[in-house]
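The entries below follow the order in which I went through them.

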Amino acid sequence: MKKHHYPIKNKVLKAALILSGVATMLGCKKSFLQPEPLSFFEPDATFTTQSGLDAAMAISDRHLRSYWTYTSYVDLGRPMSTEYMFTDVAVAGKTDDGNIFADIATRLTPTDMPERLPFFWGETYNGIKYANTIITYVDRVEGLSEATKNEYRGRAMFHRAFRYMALCFQFKDVPLITKLLRSPKVNYKSTKREAILQFITADMEKAVRWVPEQSQMSLTGLINKGACRQLLLKCYLATGQWDKAIAQADTLINNSGYSLMTNNFGTFISPYSNVWPVTRNVIWDLHRPENKAISANKEAILVMINRNNTDMGINMNAIRNWGPMLDNAATTTPDGKQAVRYYAPSNANYRAQYDYNRALGRGIGIIRPTYYAQKGVWNLNSINDQTDLRHSSASGNWVTMESLKYNEPSSANFGQNLRLRATNGTLLCKDTIRNWFDYPHYKYYIEDPVATQNINSADHRGGAGDWYLYRLAETYLLRAEAKFYKGNIAGATEDVNIIRRRAQCSRLYTTVNIGDIMSERARELHMEEWRFTELSRVSYSLALSGKSDEWGNTYSVDNLAQNSYWYQRIQHYNDFYNKGKVTVRNRSYTIAPYNLNWPIPQNEIDANGGNRLSQNFGYSGYDASVAKWQTWQDAVADEDSF
């Protein structure tokens, strides 16, 4: 029986984790150039023991999860939400916020980086620091075999490569830091993205050799060989090595013990079937946090462990951030009462059969989906696939506003289905951005036992729950992408259709283009993939391949900041950014082609006084003549000389 990657019990390790966790949460406020140790212990004493290495690895694993769980102010937004605000499927939705991040084209500057953009810079470099700590100190630990040292190195290389992959496709050319330095270095140069991608590809080739398979490990939640293969697969796609990408995918799919889950499994979790009935199905079971890390789940490649009532548990607040604001006076019944009310069970107006607070959660619409994400992406050749379990209201997986009922007892419309407009055409929702949209219940709903059991509470924000980092469904879609670049359209089509058959789709592709593959990613991997980063990577890979997109466009790697596949998808699919007519708080939803690369934070440029870091095209401070390291070897040699 597998053991789970549960809280650290050893007091020394736990202390190291807690202390470094504090540094993690504060890290984005300081320059990444500061060589802060992982803990307040003397590093040479702490990290020259195996227990010290284990503590550093636990920090790295926990830190990985923070992109989905971290928040700096109550629960308003997640870093992952920011990723989605830059895509075809979502925009900022908090309409009562005067600083709502809507006007990206004019608002995003090196000195004004709202929402969680500074987190992606500072905390991603913190993650690199944690990985470099392990790599720096592993040779100083006595008594370890070379194979054991290589396991530590391989897992640390995964953490470092994962974060550099993100930086390369969020910020483009960034400093390459591969060592834990003893004193501040303030003369870094930016390193070309291509060079960093080559560096992490070489690292991941080693990691795949060194890190054991999950079946050989006693813990789940640690980096395993399957996760290393998945990241190496993406590295090969990012460096134009299509055959090698396909080979890694083939190994994961056929020879690593993984398989798509096609039947119900694990525990059936549906605590409020009297309010929101769920007909048990494989998609529902696959996304129950209780089923993600169990041995019966053969699809999970890497799960980030996140449990209620443990020191590894942080409330996801998924529905809080990503669900519509139902309990709000801006949405009314035809007779003028509030449409949906969240009453606590102790309240006289409470009606158990309409307890949407506990059954669906209390959303506040921090981000909201586009029309494409709610409707358009579910169509094949302009026909909606009625049987797709991922978009099925009949099964209970998907929530539409019209499937909810008015639950204010004093209303004459009590018990009737919600309507957007009255019979005379009057709009019954004054804020359709934040309060009125459909969403995937099977992805967002995570039980919070504390809120559920409190009869005086009507504030179920969502609890802690295990979350997928990688699963095999993505492997099929990555292989489809590689086959598309190779010109094997039949093979790519079949890989996409395998995912669709599992979802019980009635409509299958006869042929696919890159747009079909990316649309299937949107359907299958919502809030699992880093949507913006993946679109940026695919834009780069598509340009490398020379293949055209679904509109016949081809792209140049050197010109992506002027025109990219990412930008074209937004222009075609995002009904907020592409029209320029939606305004909130005097801010219009806008985005520019050069926003494909986020600006390098000005404070980091200023802190690096010995050299100029390269600013990206389109932002203040851009200068094409700024020197960069052209190879990773030169960047590493510069570190070695310090």
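This is a predicted model: local features need pLDDT of at least 70, side-chain atom pairs count only at pLDDT 80 or more; totals for chains, interfaces and linings use all residues.

**Entry 1: α18 and its partners.** Residues are numbered from 1 along each chain as its sequence is written, and side-chain values use heavy atoms, with hydrogens and water left out.

Helix α19 covers residues 489-502, and α18 packs with α19 at an angle of about 160°, the axes being 7 Å apart. Here axes are lines fitted to C-alpha atoms, for helices over the stretch in contact, and angles run from 0 to 180 degrees between N-to-C directions. Helices (H or I, at least four residues) and strands (E, at least two) are DSSP runs, numbered from the N terminus. I noted that α18 passes α19 in a left-handed crossing, a term for a near helix turned anticlockwise from the far one by less than a right angle, with clockwise giving right-handed.

On the α18 side the meeting residues are A473, Y476, L477, R479, A480, K483 and F484, and on the α19 side they are I489, G491, A492, D495, V496, I498, I499 and R502. Sorted by class, this contact has 10 nonpolar, one polar and four charged residues. Ala, Val, Leu, Ile, Met, Phe, Trp, Tyr, Cys and Pro count as nonpolar, Asp, Glu, Lys and Arg as charged, and the others, Gly among them, as polar.

Next I looked at α10 (residues 242-255) against α18 (residues 472-486), whose axes come within 9 Å and cross at roughly 150°. This pair is therefore roughly antiparallel as well, and α10 passes α18 in a left-handed crossing. Among the α10 residues that meet α18 are W242, I246, A249 and I253, and the α18 residues facing them include L472, Y476, R479 and K483. By class I find 10 nonpolar, two polar and five charged residues in the contact of α10 with α18.

Entry 2: The axes of α20 (residues 514-524) and α21 (residues 531-545) come within 12 Å and cross at roughly 165°, so α20 and α21 are roughly antiparallel to each other. In this case α20 passes α21 in a right-handed crossing. I514, M518, R521 and A522 in α20 meet R531, E534, L535, V538 and L542 in α21, a contact with six nonpolar, no polar and three charged residues.

**Entry 3: the nonpolar interior.** A nonpolar core is a set of buried Ala, Val, Leu, Ile, Met, Phe, Trp, Tyr and Cys residues joined through side-chain atoms within 4.5 Å. The largest one holds 178 residues, of which F158 and Y164 touch the most other members. Leaving aside neighbours within four places in sequence, F158 is in contact (heavy atoms within 4.5 Å) with residues including L64, M204, I223, L302 and Y470. A second, separate core of 14 residues includes L53, M57, A131 and A156.

**Entry 4: loop residues.** M401 is in the loop between β8 (398-399) and β9 (439-440), and I record M401 as buried because its relative accessibility is 1%. Not counting residues up to four places away in sequence, M401 touches P324, L326, L418, N435, W436, F437 and D438.

I also noted two positive phi values. N381, in the loop between β6 (379-380) and β7 (383-384), has a phi near 55° and counts as exposed at 69% relative accessibility. N586, in the loop between β11 (583-584) and β12 (587-588), has a phi near 65° and is exposed, with a relative accessible area of 79%. Most residues other than glycine have a negative phi.

Methods. Buried means under 20% relative accessible area, exposed over 50%, partly exposed in between (1.4 Å probe, protein chains only). Angles under 35 degrees count as roughly parallel, over 145 as roughly antiparallel, 65 to 115 as roughly perpendicular and the rest as oblique.
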